[in-house]
Amino acid sequence: MKKLLTALALFALPILASAQIENPVKWSFTSKKVNATTYEVHATATIENGWHLYAQEAGEGPVPTSFKFTKNPLVATDGKVKENGKLHKSFDKNFNSELKYYENTVNFVQTVTVKGKAATKVKGSVEFMVCDDHQCLPPKEVEFAVSVGGK
């Protein structure tokens with residue numbers, strides 16, 4: 001009986017520990033056709049109340065939000081990733097720096113050009129860091145794949 005209880009406790013610990021992991025940002029990835037060969041790839045972050053997500057140029061200290069796009073011979077990125085949301089700026093005594101961040105929601109938009117008529121995917125990852133008034137979570141990376149091109 002003791003062995004059974006010990007085994008159950010060992011199996012339950014990782015489940016209980018994983019329930020403690022906070023994930024205050026939910027990401028959604030979509031594409032929007034602009035014209036025959038141009039698409040916008042949207043990465044939308046929905047941020048829980050009390051938390052904030054750092055901008056791509058956040059200031060000194062925190063890990064800024066950054067995007068990596070996997071090379072694809074059928075797709076070319078045009079320019080930099082744009083940010084659409086209410087940008088906040090404030091001095092953070094923990095980082096001793098003025099920081100730029102978003103609360104609630106922000107939409108990151110990358111314009112891409114598709115070469116040819118074939119359907120393909122824009123793949124990559126976003127790395128980001130979130131903080132609240134008391135703590136910062138370690139930087140996290142989320143992979144994405146969005147369909148573009150074709151009919």
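The largest cavity has a volume of about 40 Å³, in a predicted model of one chain of 151 residues. By the rule used here, there is one cavity of 30 Å³ or more. Because the model is predicted, local features need pLDDT of at least 70 and side-chain atom pairs count only at pLDDT 80 or more, while totals for chains, interfaces and linings use all residues. Residues are numbered from 1 along each chain as its sequence is written, and side-chain values use heavy atoms, with hydrogens and water left out.

**Cavity**

- A cavity is a set of points on a 1 Å grid over the protein atoms alone where a 1.4 Å probe fits but cannot get out, and lining residues have an atom within 4 Å of a point.
- Grid points are joined across faces, edges and corners, and a volume is the space filled by probe spheres set on the points.
- The lining of the largest cavity consists of V41, A43, F67, F69, V81, F108, V109, Q110 and F144.
- By class, this lining holds eight nonpolar residues, one polar residue and no charged residues.
- The classes are nonpolar (Ala, Val, Leu, Ile, Met, Phe, Trp, Tyr, Cys and Pro), charged (Asp, Glu, Lys and Arg) and polar (the others, Gly among them).
- At least two lining residues come from each of β2 (38-47), β4 (66-69) and β8 (105-114).
- β8 gives the most to the lining of the largest cavity, with three residues.

- The largest pocket holds about 260 Å³ of space, a pocket being an open set of grid points with protein on both sides within 12 Å along at least five of seven lines.
- H52, D92, N94, D132 and D133 are the closest to the pocket centre among the 15 residues that line it.
- The lining of the largest pocket divides into six nonpolar, five polar and four charged residues.
- β3 (52-54), β6 (87-92) and β7 (97-102) each supply at least two residues of the pocket lining.
- The largest share, three residues, comes from β6.

**Sheet around β3, β6, β7 and β10**

- An open sheet of four strands has the order β6-β7-β3-β10, with antiparallel pairing; two strands pair if DSSP finds at least two bridges between them.
- β6 and β10 (130-131) are the edge strands, each with a single partner, so one side of each has no neighbour in the sheet.
- Strands of a sheet pair through backbone hydrogen bonds, either parallel or antiparallel.
- Six bridges join β6 to β7 in the antiparallel sense, and D92 has S97 in β7 as its bridge partner.
- β3 and β7 are antiparallel and share two bridges; Y54 stands opposite Y101 in β7.
- β3 and β10 are also joined by two bridges and run antiparallel, with C131 in β10 as the bridge partner of H52.

**Asparagines with local detail**

- β6 and β7 form a hairpin with four residues between them.
- N96 lies in the loop between β6 and β7 and has a positive phi of about 55° although it is not a glycine.
- N96 counts as exposed at 59% relative accessibility; buried means under 20% relative accessible area, exposed over 50% and partly exposed in between (1.4 Å probe, protein chains only).
- N104, in the loop between β7 and β8, has a positive phi of about 70° and is not a glycine either.
- N104 is partly exposed, at 43% relative accessibility.
- N84 belongs to strand β5 (residues 75-84) and is partly exposed, with a relative accessible area of 44%.
- N84 touches V106, N107 and V109, leaving aside residues up to four places away in sequence; contact means heavy atoms within 4.5 Å.
- The C-alpha atoms of N84 and V106 are separated by 5.8 Å, with the two residues 22 apart along the chain.

**Whole chain**

- Along the sequence the pattern is α-β-β-β-β-β-β-β-β-β-β-β.
- Buried residues make up 34% of the chain.
- Of the contacts with a separation of 6 or more, 68% are between residues 24 or more positions apart.
- The accessible surface comes to about 9800 Å², with 56% belonging to carbon and sulfur atoms; areas come from the Shrake-Rupley method with a 1.4 Å probe, and for residues only the protein chains shown count as cover.
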